[in-house]
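Visitor: Could you walk me through this one slowly? I am new to reading structures.

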Amino acid sequence: MNDLMRPALYDAYHDILPVTRENHTAQNYEVVGPICETGDFIGHARDLSIAPQALLAVLSAGAYGMSMSSNYNTRPRAAEVMVDGSRVHLVRERETVPQLYAAEKIIA
């Protein structure tokens with residue numbers, strides 16, 4: 001919900017694939033985020049061949065991922081990664097909780 005708002009806001013579709021191909025029977029999944037809110041989903045009814053704790057790639061998040069993200073519920077924003085063919089570039093590191101608090105001031 002705070003990482004990628006497009007599915008919740010206007011039912012945007014993003015392909016979701018396992019980072020590593022698994023030889024498991026495909027099952028139908030609801031792909032959701034870590035915040036217990038109705039709008040915290042990434043994809044509904046996705047057939048995926050994955051093992052428990054599998055790492056997933058959400059494709060085509062594009063330029064709006066970071067610009068629409070938030071720190072709702074004190075969650076650091078995700079890292080930005082650019083994939084160019086077989087090359088992967090870290091564009092922006094994941095925020096940390098201390099960075100979220102760094103600009104705050106105590107009222108005296």
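Visitor: Which element gives the most to the lining of the largest pocket?

Guide: That is β5, which gives 4 residues to the lining of the largest pocket. Before going on, please note that this is a predicted model, in which local features need pLDDT of at least 70 and side-chain atom pairs count only at pLDDT 80 or more, while totals for chains, interfaces and linings use all residues. Residues are numbered from 1 along each chain as its sequence is written, and side-chain values use heavy atoms, with hydrogens and water left out.

Visitor: What does pocket mean here, and how do you find one?

Guide: Rolling a probe the size of a water molecule over the atoms shows where empty space is left. On a 1 Å grid over the protein atoms alone, a cavity is a set of points where a 1.4 Å probe fits but cannot get out, whereas a pocket is an open set with protein on both sides within 12 Å along at least five of seven lines, and lining residues have an atom within 4 Å of a point.

Visitor: OK, how much space lies in the largest pocket?

Guide: About 1200 Å³, where a volume is the space filled by probe spheres set on the grid points, which are joined across faces, edges and corners. The lining is made of 33 residues, and V58, A61, A78, A79 and V81 are those that lie nearest the centre of the pocket. The elements giving two or more residues to this lining are β2 (27-32), β4 (56-58), α2 (64-67), β5 (80-84) and β6 (87-92); these labels are DSSP runs numbered from the N terminus, helices being H or I with at least four residues and strands being E with at least two.

Visitor: And by class, what does the lining of that pocket have?

Guide: It has 23 nonpolar, 5 polar and 5 charged residues, if Ala, Val, Leu, Ile, Met, Phe, Trp, Tyr, Cys and Pro count as nonpolar, Asp, Glu, Lys and Arg as charged, and the others, Gly among them, as polar.

Visitor: Back to β5. How do β5 and β6 run, and how many bridges join them?

Guide: They run antiparallel and are joined by 5 bridges, and two strands pair if DSSP finds at least two bridges between them. D84 stands opposite R87 in β6, and the two strands form a hairpin with 2 residues between them, where G85 in the turn has a positive phi of about 65°.

Visitor: How many residues of β6 are buried?

Guide: The count is 0 among its 6 residues, so β6 is hardly covered, where buried means under 20% relative accessible area, exposed means over 50%, and partly exposed is in between, with a 1.4 Å probe and protein chains only. Of the 108 residues of the protein, 21% count as buried.

Visitor: Which residues make up the largest nonpolar core, then?

Guide: There are 5 of them, namely I16, V31, I42, L48 and I50, and a nonpolar core is a set of buried Ala, Val, Leu, Ile, Met, Phe, Trp, Tyr and Cys residues joined through side-chain atoms within 4.5 Å. Not counting residues up to four places away in sequence, V31 touches I16, F41, I42, G43, R46, L48 and L56, a contact being heavy atoms within 4.5 Å.

Visitor: New topic: where is T74, and what does it touch?

Guide: T74 is in the loop between α2 and β5, and, leaving aside neighbours within four places in sequence, T74 is in contact with V97, L100 and Y101. T74 counts as partly exposed because its relative accessibility is 40%.

Visitor: Which residues other than glycine have a positive phi?

Guide: Among them are A45, with phi near 50°, and Q53, with phi near 70°. A45 is found in strand β3, residues 41-48, whereas Q53 is in the loop between β3 and β4.

Visitor: Why does Q53 count as exposed?

Guide: Q53 counts as exposed because its relative accessibility is 80%, while A45, with a relative accessible area of 46%, is partly exposed.

Visitor: Last one: in what order do the elements run?

Guide: From the N terminus on they run α-β-β-β-β-α-β-β-α, which comes to 3 helices and 6 strands.
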